[in-house]
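Please examine the structure shown below, with attention to its charged side chains. The paragraphs that follow lead through several of their pairings.

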Amino acid sequence: MEDIKEKGKLAIAGALIGCISVILVVMGNPGNMGFCIACFIRDISGALHLHQAAIVQYVRPEIIGIVLGSFAISVIKGDFHPRAGSSPFLRFIIGFLVMVGALIFLGCPLRMVLRLAGGDLNAIFALLGFIAGIAVGVVFLKNGFSLGRNYRSPALDGSFFTLSNILLLVLFVSVPSIFLFSESGPGSMHAPVFMALLAGLIVGIFAERTRLCMAGGIRDIFLIKDYTLITGFVAIFIFALIGNLLAGSFNLGFENQPVAHQAHFWSFLGMMSVGLGSVMLGGCPLRQLVLAGEGSSDSALSCLGMLLGAAFAHNFGLASSAGTGPSANGKIAAVAALLILFLIGLTLTLKGRRN
């Protein structure tokens with residue numbers, strides 16, 4: 001009975017996220033990008049002058065909303081637990097590499113599902129890579145991989161990531177001139193600020209209460225044969241698919257897909273890094289934002305790694321471009337990111353087995 005109840009909660013959360021994602025696109029967000037944690041952090045990175053890619057610069061209120069929603073509901077429900085100390089620098093590096101992999105594909109795991117729901121068949125290869133990366137991560141977990149335990153930390157330490165997001169929102173609303181804003185491209189396409197912030201708040205609240213995680217659902221199937229978390233994954237797809245069909249934005253095929261490319265091998269490798277890195281971190285990019293809102297400074301550092309990883313990817317030409325796919329530098333980065341993640345996983349797994 002408890003299992004059915006949990007699946008019901010996840011189905012409701014997934015349904016809401018799927019519907020909200022379609023609404024955000026109708027309200028102005030790029031196609032198949034009602035939510036994309038990687039793309040939106042990338043846009044914020046550009047708005048903060050950390051990279052100069054003019055078409056992807058905007059302070060995305062959705063990201064701020066997710067953090068604030070998670071923080072608020074965790075405080076209300078008594079789930080706010082400031083903690084830190086679980087291999088913080090390694091978490092930063094893994095977050096950095098997860099972002100590089102996501103920008104090779106042009107989307108996080110959440111956008112991967114939304115692209116599939118919009119009819120973008122290119123995302124199938126990313127899904128296969130994502131599953132493969134998670135499978136490798138599960139092998140590490142079963143053989144002793146761990147980033148170590150965390151410890152209780154001061155409330156200010158656990159709250160600082162949320163406070164930083166509040167400051168970002170205040171500055172965005174009151175003195176927008178200090179930020180960079182795209183005049184064309186994906187960064188110039190966005191829903192109204194209030195709608196985007198409200199959407200983020202709702203997602204943050206429901207993701208915190210249900211432990212929704214794109215990587216966690218697949219990981220649990222491999223690790224403990226538990227199909228509970230995957231319910232949210234499936235519900236997002238179904239309701240986003242229905243929403244796209246009703247909105248007339250469903251386009252089945254490989255070509256003419258918004259903010260996408262057809263370099264399938266590299267999408268596979270990029271999302272394999274995202275899957276492997278997410279298992280190591282204990283959650284996908286969405287889950288990292290939620291955990292940071294709950295007071296995890298370790299997850300906050302993972303998010304900071306993603307922010308700077310996005311800046312690095314664009315400053316050094318690693319991110320793919322829509323249509324043409326990854327550059328030569330991007331292809332090297334896709335292989336390097338996967339190898340580094342594998343070495344980190346192997347090293348800590350061997351250490352865990354010795355212990």
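Is R60 buried or exposed in this predicted model? R60 has a relative accessible area of 0%, and because buried means under 20%, R60 counts as buried.

The partner of R60 is D43: the two form a salt bridge in which the closest N and O atoms are 2.9 Å apart. This pair links distant parts of the chain, for R60 lies in the loop between helix 2 (37-47) and helix 3 (61-76), while D43 belongs to helix 2, 17 residues apart. D43 is likewise buried, with a relative accessible area of 0%.

D43 also meets the side chain of R42 in a salt bridge, with a distance of 2.7 Å from N to O. Both R42 and D43 are buried. Together, R42, D43 and R60 are linked in a network of salt bridges. As a general principle, side chains of opposite charge can pair when their charged atoms come close.

A further pair is found elsewhere in the chain. R209 forms a salt bridge with D79, and their closest N and O atoms are 2.5 Å apart. This pair, too, links distant parts of the chain: R209 is in helix 8 (residues 193-210), and D79 is in the loop between helix 3 and strand 1 (83-84), 130 residues apart. R209 is partly exposed, at 37% relative accessibility, and D79 is also partly exposed, at 27%.

Terms used
Residues numbered from 1 in each chain as written. Predicted model: local features only at pLDDT ≥ 70, side-chain atom pairs only at ≥ 80, totals over all residues. Heavy atoms only, no water. Salt bridge = Lys/Arg side-chain N within 4 Å of Asp/Glu carboxyl O. Buried < 20%, exposed > 50% of the residue type's maximum accessible area, 1.4 Å probe, protein only. Helix = DSSP H or I, 4+ residues; strand = E, 2+ residues; numbered from the N terminus.
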